[in-house]
Amino acid sequence: MTNSNENKKSLKSFYWLWAILTVLGVAASLYAPGYLMPKSMSQSMHLSILTMVVFSVAAAPVAAGVYAAALYILRNWTHKGDTVPAAGPAFRESGKVVITWTLTSILLTVFLLIWGLGALAADGAGSTSNPLVVKVVGQQWVWSFEYQGANGTTIMSNDLYVPKGREVLFHVTSLDVTHGFWLPQMGIQVDANNDTTTDLRVTPNKLGTFDVRCTQFCGLNHAFMVTQGHVLTPSAFTTWLNAQPARS
Amino acid sequence: MTTTLEHKAPVIKHEGGGLARHQNFLTGLIGGVAGAFIAWAISHHLLAQDVRTTSDAVAVLTGCGWIVGFWFGIGALNAPFAWLIGKDQTRKDQLYYAGEDQGTKRYWKYCTDHKVVGVQYIVMTMVLLGAGGILAMAIRTELIVPGNHFVDQQVYNGFIAVHGMLMILALIVAVAGPWGNFVVPIMCGAKDMAFPRLNALSLWTLVGAAGLLLTTLAVGSLTMGWVVLAPITDQAAVGMDFFALAILVFTVSTTVAGVNTICTVFTMRTKGMTLERLPIMVWGAIIAAALGLYAFPYFSLVEALQILDRTFSTSFFIGNGGGTGWLQANLFWLMGHPEVYVILIPAVAALFEIAAVMARKPVFSYRTAVAGMVGLAGLSILVWAHHMFTTGWAPTLGGPFMVTTELISIPTGLFFLVLIGTLWRGNIWMKLPTVWMFGFIANFIIAGITGIYLSDIPIDNQLHGTMFVTAHFHYVFVGSVLFGAIAALAFWYPKVTGRFLDEKLGRISFWLAFIGVQVTFLSMFISGLRGMPRRYASYSFIFEHTNFLTTIGAYMIMAGMLVLMAAVIYCWNHGEPSGSNPWHANSLEWLVSTPPPLENFDVLPVITEDPYNFEKEMVLS
């Protein structure tokens, strides 16, 4: 009834479709992350956006291939009419296709892993021995920040101030439930736990304001647990710090 | 070309059995409420009133009273008690409990017939999805414009948790429940499940668990997201106790169902039904069941320890008592990630089945399909800590968990290979199940790729806890699993009812849902990329436009689902008659009559090849 050549079509239009969709996907991949994500104010955020771009570009041909295949199938191999379709060609296996597909996906995955692990290492590298230490305290539903002032005094602030170009080490903790300490423009976050302290490092590289938001659901006013951060020049930061009253 | 099977039912007067012959859902409810009341009255009066944990203890005992009373009332305990006092059930009793000659009444009973249980699961899934869907609409309406006050903020926060849990439960059973019960035993050539009474137990225990979950809403206050991790749980009132108990009871249901499915497939296959001749759907059912047996004990453990923390002041998860919330988070995600694949795998397997039948071709590379599902299940138990990348727990484990997580894309890719390979060069029959299957393919690729971003720690450090994550797993659950489940519903609906699901209504529903999913969740990705955290009751103006779009899209999905529900209800009795094998398929469930007779086969068939040879149409001899 059927032979193996039945339903064989030229694949030219499939390849064209795949190529066009890939180009569109790559174009979107290059443009969208930078456009949609917050403006980068640190190397970590830069790395996040760059990794989004790289992964999107790598994924574009895969997604384009699946969409092209689905559209090509719909265009060429749907049965017309109300009758029951005849049996299709009964091929069950193709070692070549399975191996090609699997190897390609392994190669892509290995590439993503190498890039990802490299980015992870780069993110952790470059820690300095003299960071600015800021203690971050979350509680329902406010953030507060503690600095070491002159003569061992403690300075508290409800806005986060950090100097440009110097590494900041956050010791993050909570007084009640778990909060999520997130700096969207810096590309970093870590949970604030009430029974332990977690660390987070970042080196701001742009002047300006940024957001502080909570990413762990923390009760009634979770959505309002926000505050502002400011990146100042080192001298402006010192001026600000010295102007703060020490906590008794 | 028709089957020779005709079920000749001997008319039996159901004598004896006494009160047990009158048990149904209503007596179950009465028993449950009575049990809850008795437990409440006793515990309320006997427990010391001045202890902090008293209200929690009372709540837990009340919930236990509900579930035990419900089991008593509906008749779940009849057979074990009869056995205890030395009275085994007679054949007559067994046929009674299998619902023989009881018409539609049997759907309200503790019925052991796997097909009745399958139908009950269809209804149960739709009820759970409906309840979760109403909450989703409330959530999206609250978020339609910044600063909207459609519901109270505290109530909104509670909706977030219960919406999540209802939908998770609904999707765990959405394919494995109806079709794992209705068609899988017939596909194997079995007369019923290996343990028919356990089958009924799993269904009605799920109903009991759903009752507890809805109680959570009624008593308010579960304002902590569906994951309910310490220490915020410490601030929750008694709603938390009912929630934890609901999960405990639910895990009993899935464990019982999983054991039953596995035993059925491994012990009840008919002669000649080798493992490689099994319809691929059966593989999906047993792989998901096995994975569930691994995963859900963690879930019971988490909730049991949580209940102990709340009622006996233990401190497994309480930091200042020597415990840690991270322990709970680990246990929870040890369950939580495999559970995603417990949900996904049956839907994917059903789509393999549908692709083969609709393209009139064998499943492409059957063994790759099985290996892909097994590989996914195996990897899924090694990836749980990717949910904890940003908690601060064990940063040095980040790299290894990133590796295992990204490896997931390899077996997932095989699913696309099998689906596309099966459709390739076929004669594709564009019916309702096929349409929903193409929707799945389009959505699942987006779900998969966005998952790769989140598996990468530098990206996750930015996107964790944002709407991007929410959009990602909704592409998995709504865009992919729900589309697969609806394809399965459209595919096997004629076997259940003898009628087609209306093609026109089904397609209207498809387009509403398909466009709705893109509008809803693509805009939600953008909210997340722009920096909007999850579980927000309100948001600033910078997220205004995308949230408005998300809400409009969500309404479209709801409209689509309402059309589908109308079609399911209307066509049940009024749809176009389908005959017993409308898709001209060769797996056993299509070869028996519609509806299939009690015990499915008069004579068990002997199998000589797999069901994917569409050159000829098989009949039962």
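The points below go from the overall fold to the contacts and then to a few backbone details.

1. Overall fold. Please keep in mind throughout that this is a predicted model. Chain B has 21 helices and zero strands.

2. Burial and contact range. How much of chain B is buried? Of its 621 residues, 64% are buried. The contact pattern is worth a look too: taking contacts in chain B between residues at least 6 apart in sequence, 83% link residues at least 24 apart.

3. The contact between the chains. Chain B puts 75 residues into its contact with chain A, and chain A contributes 70 residues. On the chain B side, several helices supply at least two residues each, among them helix 6 (153–174), helix 12 (325–359), helix 16 (432–455) and helix 19 (503–530). Which helix of chain B gives the most to this side? That is helix 15 of chain B, with eight residues, and you will find this helix at 409–423. As for composition, the side of chain B that touches chain A holds 36 nonpolar, 31 polar and eight charged residues.

4. Two domains. Chain B is split into domain 1 (21–90) and domain 2 (116–591). The C-alpha centres of these two domains of chain B are 30 Å apart. Where they meet, domain 1 of chain B provides 14 residues and domain 2 of chain B provides 15 residues. Helix 2 (residues 54–74) of chain B accounts for the largest share of the domain 1 side, namely 10 residues. By class, that side of domain 1 of chain B has nine nonpolar, four polar and one charged residues.

5. Cis peptide bonds. Two places deserve a visit with the backbone displayed. The bond from Ala230(B) to Pro231(B) is cis, with omega near 5°, and Pro231(B) sits in the loop between helix 9 (196–218) and helix 10 (239–267) of chain B. The bond from Thr594(B) to Pro595(B) is also cis, with omega near -10°. Pro595(B) belongs to the segment after helix 21 (588–591) of chain B.

6. Positive phi at Ala394(B). Ala394(B) is not a glycine, yet its phi is positive, about 45°. Look for Ala394(B) in the loop between helix 13 and helix 14 of chain B. Is Ala394(B) buried or partly exposed? With 13 other C-beta atoms within 10 Å, Ala394(B) is partly exposed.

7. Positive phi at His584(B). His584(B) also has a positive phi, about 50°, although it is not a glycine. His584(B) lies in the loop between helix 20 (544–574) and helix 21 of chain B. The count for His584(B) is 17 other C-beta atoms within 10 Å, and His584(B) is partly exposed.

Terms used: Residues numbered from 1 in each chain as written. Chains lettered and ligands numbered in written order. Predicted model: local features only at pLDDT ≥ 70, side-chain atom pairs only at ≥ 80, totals over all residues. Helix = DSSP H or I, 4+ residues; strand = E, 2+ residues; numbered from the N terminus. Buried ≥ 20, exposed ≤ 12 C-beta atoms within 10 Å, placed from the backbone. Contact = placed C-beta atoms within 7 Å. Nonpolar A, V, L, I, M, F, W, Y, C, P; charged D, E, K, R; others polar. Domains from an automatic or database assignment.
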